[in-house]
Amino acid sequence: GLGLMGHGIAQTAAEKGFEVVAVESEQRFLDAGMHRIQQSMQKLSAKAVSKGKITEAEGEAHVEAALSRVRPMLDREALGGCDVVIEAVIEDLALKKPLYEDIGRAVSDTCIIASNTSSLSIAKMATFCGRPKQMVGLHFFNPVQLMQLVEVVRTEETDPALFSSAISFARALGKTPIDCIDTEGFVVNRLLVPYLTEAIGLVDRGVASAADVDTAMRLGAGHPMGPVQLADYIGLDTIHNILSGWSIEFPDNPAFRVPASLKAKVEVGQLGRKTGEGYYKWDGDKLAA
């Protein structure tokens with residue numbers, strides 16, 4: 001997949017010198033993904049030039065070399081020669097199942113099979129591909145090109161040597177990996193999503209306004225962005241989808257309940273930054289004046 005996360009992973013790997021096979025389901029998605037990679041590379045290169053880190057010629061050469069290492073493909077069989085395969089399609093197990101079945105048939109016995117999922121069970125996807133010892137999570141953060149953390153996730157069946165290789169791969173991408181087991185939300189989202197929804201719950205219960213909740217956490221806890229604004233920034237649909245999955249799987253956990261206002265906003269398409277309105281009004285990536 002070459003969407004929001006997939007194109008960033010492909011770009012990062014190519015810029016670190018890896019040969020990349022970029023696979024999409026349709027030509028239009030493949031073209032769009034390659035365009036995003038090129039635009040992102042050029043933007044980061046131009047920024048480095050403006051700061052005097054590299055010359056314009058060096059920047060152009062870097063972009064050209066990195067792009068040459070990305071091979072766009074529609075055929076999943078092209079994954080057969082890969083040492084690492086990272087799935088980065090939308091968070092829908094019904095969509096992922098046939099993809100993993102194809103991956104399981106295509107790859108070698110030594111290939112690391114990884115999902116970039118932020119909340120779904122790695123073990124469940126391991127059953128789809130039929131190669132549970134080779135399955136890990138490699139959860140990158142958006143934007144992949146800039147964010148340093150990667151959650152490297154193991155199941156009870158993951159081969160320890162292969163898991164160690166996955167950790168080494170994350171480091172080779174210039175990232176800082178953490179080792180965690182296959183549990184709902186891993187580390188970051190297991191802490192972050194309940195925090196965001198508890199903040200929304202405070203607003204729903206009339207404890208304080210969204211703006212005051214955010215001000216409290218910025219000035220009182222030193223957070224760079226308040227939780228309600230951050231939920232808007234991430235995407236209310238994303239938060240809702242994660243919570244909905246957890247609430248079905250763990251119905252007795254109160255931390256996984258979907259706040260009423262969150263559900264209502266998603267139902268009417270007020271998804272936050274991406275639609276221009278959520279709990280706040282947005283002008284692009286910034287709050288509207």
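## The sheet

In this predicted model, strands E6 and E7 pair in the parallel sense over 6 bridges. Within this pairing, Val 150 has Pro 177 in E7 as its bridge partner. In general, the strands of a sheet pair through backbone hydrogen bonds, in either a parallel or an antiparallel sense.

The open sheet is formed by 5 strands in the order E3-E4-E5-E6-E7, and its pairing is mixed. Strand E3 (84-87) and strand E7 (176-181) are the edge strands, each pairing on one side only. From one strand to the next, the twist averages 30 degrees.

## Helices on the sheet

Helix H4 (residues 93-106) packs on the sheet and touches E3, E4 and E5. The direction of H4 makes about 170 degrees with that of E4.

H6 also packs on the sheet, where H6 touches E3, E4, E5, E6 and E7. The direction of H6 makes about 170 degrees with that of E6.

## The nonpolar cores

The largest nonpolar core has 32 residues, of which Leu 2, Ile 37, Met 41, Val 136, Leu 138, Phe 140 and Val 152 touch the most other members. Elements giving two or more residues to this core include helix H1 (4-15), helix H2 (27-50), strand E5 (135-140) and helix H6 (160-172). H6 gives the most, with 6 residues.

Apart from its neighbours within four places in sequence, Leu 138 is in contact with residues including Ile 86, Ala 114, Val 150, Val 152, Ala 166 and Phe 169. A second, separate core of 22 residues has among its members Cys 111, Met 125, Cys 129 and Val 153.

Definitions and conventions:
Residues numbered from 1 in each chain as written. Predicted model: local features only at pLDDT ≥ 70, side-chain atom pairs only at ≥ 80, totals over all residues. Heavy atoms only, no water. Core = buried A, V, L, I, M, F, W, Y, C linked by side-chain atoms within 4.5 Å. Buried < 20%, exposed > 50% of the residue type's maximum accessible area, 1.4 Å probe, protein only. Helix = DSSP H or I, 4+ residues; strand = E, 2+ residues; numbered from the N terminus. Contact = heavy atoms within 4.5 Å. Pairing = 2+ DSSP bridges. Axes fitted to C-alpha atoms, helices over the stretch in contact; angles between N-to-C directions.
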